[in-house]
Each structure stands twice: as C-alpha cells, then as structure tokens.
Amino acid sequence: MADAEGDYVRDVEGKRYLDFSMGWCVGNLGWKHPRIDAAMRAFDGPTYVHPAYHYEPAEQLAERLLSFAPGRLRKVFRATGGTEAVELALQAAMLVTRRHGLLSLEAAYHGNSIGTHARLPRCHKIAGPFDARAAERAEAVLKTREIAAFVMEPVICNLGGIVPEASFVSRMRDLCRKYGALFVADEVACGFGRSGVLFACEHFDLDPDILCLGKA
Ligand SMILES: Cc1ncc(COP(=O)(O)O)c(C=O)c1O
C-alpha cells in the first residue's frame, strides 16, 4: 500500500482499490478526511502525556463521549487500543463482581490478549445462532453466579456482520442483571457510525454496564 484517500487505497504500482473494511473499522470517515487531516497537522500539544497526569483535552474528550454514550455510562477510562479496552473491561468486571468466569459468543473476536481471546480456563462460550435457545444455554452458565462479565459486539462484525435478534440481546441484558454479571458491549469495531447509528447499542436500546471503544 502506498496511499489512501476517501474510500480508496492505492498500491505501490498506482492501482486503486475500494476499501470496504476501512482499515478494519478505523477509517469510518474516509481516509485523508480534510478536517481530520487539518486538525492533526494543527496540533501542537505535548508529544506524550503520562496517563496518571490530568490533561485537559483528555478530560474534554471523556466528557464529550459521556454526553452521547448509551444508557447510564458515567465514567471513562483511557486505554491504548481495542484489545486493552476489552481486557480492562473484563478485569474491572472481575474486580467489581469478585468472580473469575467470563461468557462470550463462540468464535467471537475481542482482541489479541489471552483474556480477550477467550483463552482463560473459566471462559464459557455460547454457540450460535443467537436466539432464544442460545439465551437459555447462556442462562445455564450465568446461573452458577461465577460469571463476572458477558461480552459481545452488539453488531457482530467479526462473525461476518451478524445482527443478532433484538430479543436475544434484551434477554442477555436481563439475565446478566438477574445473575449479577456485567454486560460488556464491545464496540471497538461496530462503534462510531459503522452500523448506521453512532453506537450499535442504539439498535437494541441496550444499556451496557461497560462500553469498549477503539479504532475509529
Ligand atoms: C470487536 C473487536 N474488539 C477488539 C478488537 C481489538 O482492537 P485492537 O486491534 O485495537 O487491539 C478488535 C480488532 O479488530 C475488534 O474487531
């Protein structure tokens, strides 16, 4: 690859390709967007800020995010990327619930760490299709009250663009509440307009306990 502009990427021989994946959901506003490019060029702030320091632009960003975040989300934690966002969400859920089990959708992708890859010993998976019967199978696991968090993409980009049944999403939300697990919505890929609304949670009126963002 040599360059990218708008919806296209160009290779070193000058051939153009329509970039359907947009750098896997990073370039949701198109490559070389003039306003984004201009803002990046105009930036003359610090090269690096240690995460423990208060930094006003980061706090303004946190407030902006909360002003349009779905449901009752009230706190923002900054990470370095999508994997870390999901990993920290799972760790936070373990701390809060004092449990160590995790539940996710079979074959789902949430990042490249051991936790987000569902490779931990107490990681349970729900096989698709994601319907009422899948929710029943999930309930059998949640009932043990060993699950700290259930994590899913509200629109599942990583399983080929699956839009789950609304009844499955709302049932999973209810079951998490009933059995004390946190509902973690991974919008690292489907967030920031990728599914036609700002956050895919909005398609389901989903009120997650933790929302993970990244990429775009
Ligand atoms: C749904 C989802 N979650 C998390 C990640 C991990 O994000 P990152 O590659 O920024 O670590 C990805 C990456 O493709 C993803 O698609």
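**Backbone exceptions, a buried helix and the ligand site**

Phe192 is partly exposed, with a relative accessible area of 25%. In this predicted model, Phe192 sits in the loop that joins β7 and β8. Its phi is positive, at about 55°, although Phe192 is not a glycine. Most residues other than glycine have a negative phi, and most peptide bonds are trans. Two further positive values are found in the chain. Ala107, in the loop between β4 and β5, has a phi near 70°. Ala107 counts as exposed because its relative accessible area is 59%, and the cut-off for exposed is over 50%. Arg98, the residue that follows helix α4, also has a positive phi, near 55°. An exception of another kind concerns a peptide bond. The bond from Gly128 to Pro129 is cis, and its omega is near -5°. Pro129 belongs to the loop between β5 and α5, a helix that covers residues 132–142.

Helix α4 runs from residue 82 to residue 97 and contains 16 residues. The distance from its first C-alpha to its last is 23 Å, close to the 22 Å expected at 1.5 Å a residue. Several residues of α4 are buried, namely Gly82, Ala85, Val86, Ala89, Leu90, Ala93, Met94 and Thr97. These buried residues pack against four strands: β4 (101–105), β6 (147–152), β7 (182–186) and β8 (210–212).

Thr116 lies in the loop between β4 and β5, the latter formed by residues 123–126. Thr116 counts as buried because its relative accessible area is 3%, and the cut-off for buried is under 20%. Two polar contacts involve the side chain of Thr116. One links it to the side chain of Ser113 at 2.8 Å, and the other reaches the backbone nitrogen of Asn112 at 3.4 Å. Leaving aside residues up to four places away in sequence, Thr116 touches Thr83, Val86, Glu87, His110 and Gly111.

Tyr179 is part of helix α6, which spans residues 166–179. Tyr179 is also buried, since its relative accessibility is 5%. When residues up to four places away in sequence are not counted, Tyr179 touches Arg99, Glu139, Leu142, Lys143 and Arg145. Between Tyr179 and Ile126 there are 53 residues of separation in sequence and 16 Å in space, from C-alpha to C-alpha.

The ligand is surrounded by 13 residues, and the closest are Gly82, Thr83, Asn158, Asp186 and Lys215. By class, the shell consists of 4 nonpolar, 6 polar and 3 charged residues. Thr83, which Thr116 touches, has an N or O atom in its side chain at 2.6 Å from an oxygen atom of the ligand. On Asp186, a polar side-chain atom is 2.7 Å from a nitrogen atom of the ligand. On its own the ligand has 390 Å² of accessible area, and the protein covers 83% of it.

Technical notes:
Residues numbered from 1 in each chain as written. Predicted model: local features only at pLDDT ≥ 70, side-chain atom pairs only at ≥ 80, totals over all residues. Heavy atoms only, no water. Near = heavy atom within 4 Å. Polar contact = N/O pair within 3.5 Å; in protein donor to acceptor, adjacent residues only side chain to side chain. Areas by Shrake-Rupley, 256 points an atom, 1.4 Å probe, with all protein chains shown as cover. Nonpolar A, V, L, I, M, F, W, Y, C, P; charged D, E, K, R; others polar. Helix = DSSP H or I, 4+ residues; strand = E, 2+ residues; numbered from the N terminus. Expected span 1.5 Å × (residues − 1). Buried < 20%, exposed > 50% of the residue type's maximum accessible area, 1.4 Å probe, protein only. Contact = heavy atoms within 4.5 Å.
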